[in-house]
Amino acid sequence: QESGGGQALIEDVVAQEIVRDINIERQRCQPVIVFINGEYWGMHNIRDRMDEDYLSYVFDLHKDSFDLIDGNPTVGYKAIHGSNADYIKIIDFVKKNKLDNSINYNLLCKEIDIENFIDYYSIEIFFANHDWPVHNIKVYRKKDGKWRFLLYDLDGGFTNKRDHSYNMFERISIEDKYPNPEATILFRSLMRNKTFRDQFISRYKEILSLYMQPERTIPIVDSISNVYRMNMQSHVNRWRYPWTINHWERDINKNIKDFLENREKSTLENLDKIIKDKDF
């Protein structure tokens with residue numbers, strides 16, 4: 001898979017490394033230099049492919065032990081492997097039933113891994129992934145198990161056409177703020193339940209405290225960028241993307257590092273505002 005995103009090229013790799021200790025299925029990365037028929041083809045990333053073979057490898061089970069779906073409502077929650085029927089029933093249930101009702105909420109908790117849901121959404125929200133949640137969302141379960149979310153493709157995060165103050169809570173909590181409201185229906189509906197809302201707020205702040213502090217995240221950016229830096233000039237010469245080494249360094253500093261240094265304050269302010277302003 002080719003390095004993507006902004007001219008820093010490493011947004012997704014950095015984000016995935018920052019959250020590596022959180023209990024969530026994510027993509028590992030191995031940077032490589034590629035030659036095709038002897039022709040230099042630049043720096044690329046070997047990544048885990050998030051499919052049924054990945055799940056089979058991670059859990060040491062046959063791939064037919066899993067249902068895996070595309071969580072995009074515009075494609076009807078298409079089955080990638082196995083069946084999507086039960087997930088569609090869950091979405092229909094959420095559409096027809098209020099989750100502030102504890103009985104309905106407890107029924108949903110039997111179908112969806114709520115702890116995983118909170119961690120996954122917390123990560124996507126913190127990194128301000130604007131290419132989500134219609135796109136880049138896959139959901140899986142072991143047969144007769146709970147549905148969990150796969151973390152992949154965070155290239156649309158950080159300040160890629162956004163900034164550290166971008167309000168993801170407003171984006172996914174207010175129905176008319178997102179072009180496809182069905183893509184946000186799970187989060188919006190769950191936030192109406194006080195038990196869930198309190199758990200989400202507590203865990204979101206815990207994730208920021210444990211994993212997102214600049215004294216932890218900036219060294220991760222530096223360690224990853226150092227791996228790419230030694231070969232970046234050849235990559236620039238081959239593709240002119242990044243346009244120059246200076247553009248690459250600029251985007252690392254102004255996009256990724258600036259975001260990580262300022263995001264906590266902004267996103268907590270956004271969270272406080274949505275809790276105060278919205279009548280869940």
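Predicted model: local features only at pLDDT ≥ 70, side-chain atom pairs only at ≥ 80, totals over all residues.
User: How many aromatic pairs does a search of the whole structure find?

Analyst: The search finds 25 aromatic pairs.

User: Why is the pair of Phe 59 and Tyr 140 called tilted?

Analyst: The ring planes of Phe 59 and Tyr 140 stand at 40 degrees. Stacked needs under 30 degrees, and edge-to-face needs over 60.

User: How do you know whether Tyr 140 is buried or exposed?

Analyst: Tyr 140 has 2% relative accessibility. Buried means under 20%, so Tyr 140 counts as buried. Phe 59 has a relative accessible area of 24%. That value falls between the cut-offs of 20% and 50%, so Phe 59 is partly exposed.

User: Why is the pair of Tyr 120 and Tyr 121 called edge-to-face?

Analyst: Their planes are at 75 degrees. The cut-off is over 60, so the pair is edge-to-face. The ring centres are 5.6 Å apart. Tyr 120 is buried at 0%, and Tyr 121 is buried at 2%.

User: Which residues do ring pairs link into a cluster?

Analyst: The cluster holds Phe 117, Tyr 120, Tyr 121, Trp 132, Phe 149, Phe 169, Phe 187, Phe 196, Phe 200 and Tyr 204.

User: What makes strand β3 largely enclosed?

Analyst: Strand β3 covers residues 66-70. Four of its five residues are buried, so the rest of the structure largely encloses it.

User: How do you know that β3 and β5 pair?

Analyst: Pairing needs at least two bridges, and β3 and β5 have five, so they pair. The sense is antiparallel. In β5, Arg 141 is the bridge partner of Asp 67. Strand β4, residues 79-81, also pairs with β3 in the antiparallel sense, over two bridges. There, Ala 79 is the bridge partner of Ile 69.

User: Why do Arg 148 and Glu 25 count as a salt bridge?

Analyst: Their closest N and O atoms are 3.2 Å apart. The limit is within 4 Å, so the contact counts. Arg 148 lies in strand β6, and Glu 25 lies in the loop between α1 and β1, so the pair ties together parts 123 residues apart in sequence. Arg 148 is buried at 13%, and Glu 25 is buried at 8%.

User: What makes Arg 238 a partner of both Glu 39 and Trp 41?

Analyst: Arg 238 and Glu 39 form a salt bridge, with the closest N and O atoms 3.1 Å apart. Arg 238 belongs to helix α9 and Glu 39 to strand β2, so the bridge ties together parts 199 residues apart in sequence. The charged end of Arg 238 also sits over the ring of Trp 41, 4.5 Å from its centre.

User: Why are Lys 273 and Asp 277 about one helical turn apart?

Analyst: Both lie in helix α10, residues 245-277, and they are four residues apart, so about one helical turn separates them. Lys 273 is partly exposed at 46%, and Asp 277 is partly exposed at 49%.

Methods:
Residues numbered from 1 in each chain as written. Heavy atoms only, no water. Phe/Tyr/Trp six-rings, centres within 6.5 Å; stacked < 30°, edge-to-face > 60°. Buried < 20%, exposed > 50% of the residue type's maximum accessible area, 1.4 Å probe, protein only. Lys NZ or Arg CZ within 6 Å of the ring centre and 35° of its normal. Salt bridge = Lys/Arg side-chain N within 4 Å of Asp/Glu carboxyl O.
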